[in-house]
Amino acid sequence: MIKKLIRRILGVSPAPGKATEPVVFGPSDHGIRLDDVPPNAVRVTQTLQQAGFKAFIVGGAVRDLVLGHRPKDFDVATNATPEEVKRLFRRAFIIGRRFQIVHVMFGQELIEVTTFRGASSDDAPKDAHGRVLRDNTFGEQHEDAERRDFTINAMYYDPARQQVLDYHGGMKDIRSKTLRIIGVPEARFREDPVRMLRVVRFAAKLGFSIAGPTRAPIKVMAPLINNVPAARVFDEMLKLLMSGHAMACLRQLRQEGLHHGLLPLLDVVLEQPLGERFVTLALANTDERVRDGKPVSPGFLFASLLWHQVLEKWNAYKAAGEYPIPALHLAADDVLDGQTEKLAIQRRIATDMRDIWAMQPRFERRVGKAPHKLLEHPRLRAGYDFLLLRCASGELDAEVGDWWTDFIDADGPGREALLSKKPAEEAEPAAKRRRRRGGRGRSKANGESAPE
Ligand code: ATP
Ligand code: MG
């Protein structure tokens, strides 16, 4: 009791993994401005509290608000059961079978409401490597905090009192820019190996360093990711690549020994000298778009990451006597098959990837009706952006990208003129042409952008 009192007075956090009482921070300490919290998130906590329940904004949103970043989404944690939550809101849907959560909708806006989870029990079913398969009991707030992954993700914000409840020293870790797992690192990574990927994502995204004890076991435990269902690894990879810090994340994954042999995609991305410039450009573009709040397409992103592997196989099939178009399809099949074992690329995304790849040889046919036909392709914009990326990386002559930029922009007669334009240009050496054009054809590649 006295220890607790001293901790409160000093603002010192309890020993990690052992906290039942939080350290409470007021507005001047946590710095969250109520104005930065969307009214609907406040409405949800308020409605629950007025009905007699505890309710807090929790997790990544609190972390981001304290850091002064704009949170991606807002989650609420409560001691109300999903049924009790549902009854309080007009548009609320219970999602999930084993551990139910409630989606409370306001127009398009979604607030996810989760009932506090109980402490994980030793008898929870696990796989042969110790990964917890199901552990879905409700519990107390401090148990909920203990089950969260990192100290900075285990803080609870009460908009009514404007207080942050901090169970594991998250505020201190935010101030020292430290990513620290709650509890015993080895045990937490064994329970859920995806946490190793999450460490890397948050460290890279927030520019935090990883606490020594959190970091130490990762290299040894990295192979446990092999036992995680492919769909979950894919989801996490997608989050990582769309975090706005994809390059930094990939570099850190490599640094932590998490790339090798684990995620075939990363082996390809990080160890292909040929494609490095291409991938670097693709990721830099993606990062820029995410940071500007623009949409990015996962299909475009994965198509970029795997392109040089496709190219290599495409060339091999052609060299073996296959016609170019069927050769490209065979190469695409090989590459996608090679990935799906560990990384379940969703079918919709794989379809986009194939479309983008399959369009590429069509951009090189610039005679007759073919270019007009290509303009009608529903994924033209993505294919064209991909083409610009190939030009920018030096794989293709910039002139091809320029020609398409002009062709897309031109009116009917302009297009006919472009189609009939040929020999003189074709004979001119590529480097000279590029100089004359002053570096045009630089890519804004991302799958969504407008032509320059
Ligand atoms: P982001 O900005 O990426 O959304 P986030 O911290 O909100 O970051 P989510 O995946 O949305 O991440 O998860 C919400 C919260 O749920 C986390 O902040 C954390 O408290 C908890 N959480 C998520 N995944 C895990 C996990 N694998 N193990 C333990 N806790 C987790
Ligand atoms: Mg989140």
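This is a predicted model: local features need pLDDT of at least 70, side-chain atom pairs count only at pLDDT 80 or more; totals for chains, interfaces and linings use all residues.
**Around ligand 1**
- The shell holds 18 residues, and those that come nearest are Arg63, Lys72, Asp192, Arg195 and Arg201.
- On its own, ligand 1 would expose 580 Å², and the protein buries 83% of that.
- Helices H4 (60-67), H9 (194-206) and H12 (230-241) each give two or more residues to this shell, with the largest share, five residues, coming from H9.
- By class, the shell has 14 charged, three polar and one nonpolar residue.

**The largest pocket**
- This pocket contains about 1,900 Å³ of space.
- Its lining counts 45 residues, and Arg117, Asp192, Arg198, Arg232 and Lys239 are the closest to its centre.
- H9 supplies the largest share of the lining, six residues; other elements giving at least two include strand S3 (74-78), strand S6 (109-115) and helix H6 (141-147).
- The lining is made up of 27 charged, eleven nonpolar and seven polar residues.

**The second largest pocket**
- Its volume is about 480 Å³.
- Among its 16 lining residues, Arg70, Lys72, Lys205, Ser243 and Val290 are the closest to the centre.
- H9 and helix H15 (276-291) each give two or more residues to this lining.
- Eight charged, five polar and three nonpolar residues make up the lining.

Technical notes. Residues are numbered from 1 along each chain as its sequence is written. Chains are lettered from A and ligands numbered from 1 in the order in which they are written. Side-chain values use heavy atoms; hydrogens and water are left out. A residue is near a molecule or strand if one of its heavy atoms lies within 4 Å of it. Accessible areas come from the Shrake-Rupley method with a 1.4 Å probe; for residues, only the protein chains shown count as cover. Helices (H or I, at least four residues) and strands (E, at least two) are DSSP runs, numbered from the N terminus. Ala, Val, Leu, Ile, Met, Phe, Trp, Tyr, Cys and Pro count as nonpolar, Asp, Glu, Lys and Arg as charged, and the others, Gly among them, as polar. On a 1 Å grid over the protein atoms alone, a cavity is a set of points where a 1.4 Å probe fits but cannot get out, and a pocket is an open set with protein on both sides within 12 Å along at least five of seven lines; lining residues have an atom within 4 Å of a point. Grid points are joined across faces, edges and corners, and a volume is the space filled by probe spheres set on the points.
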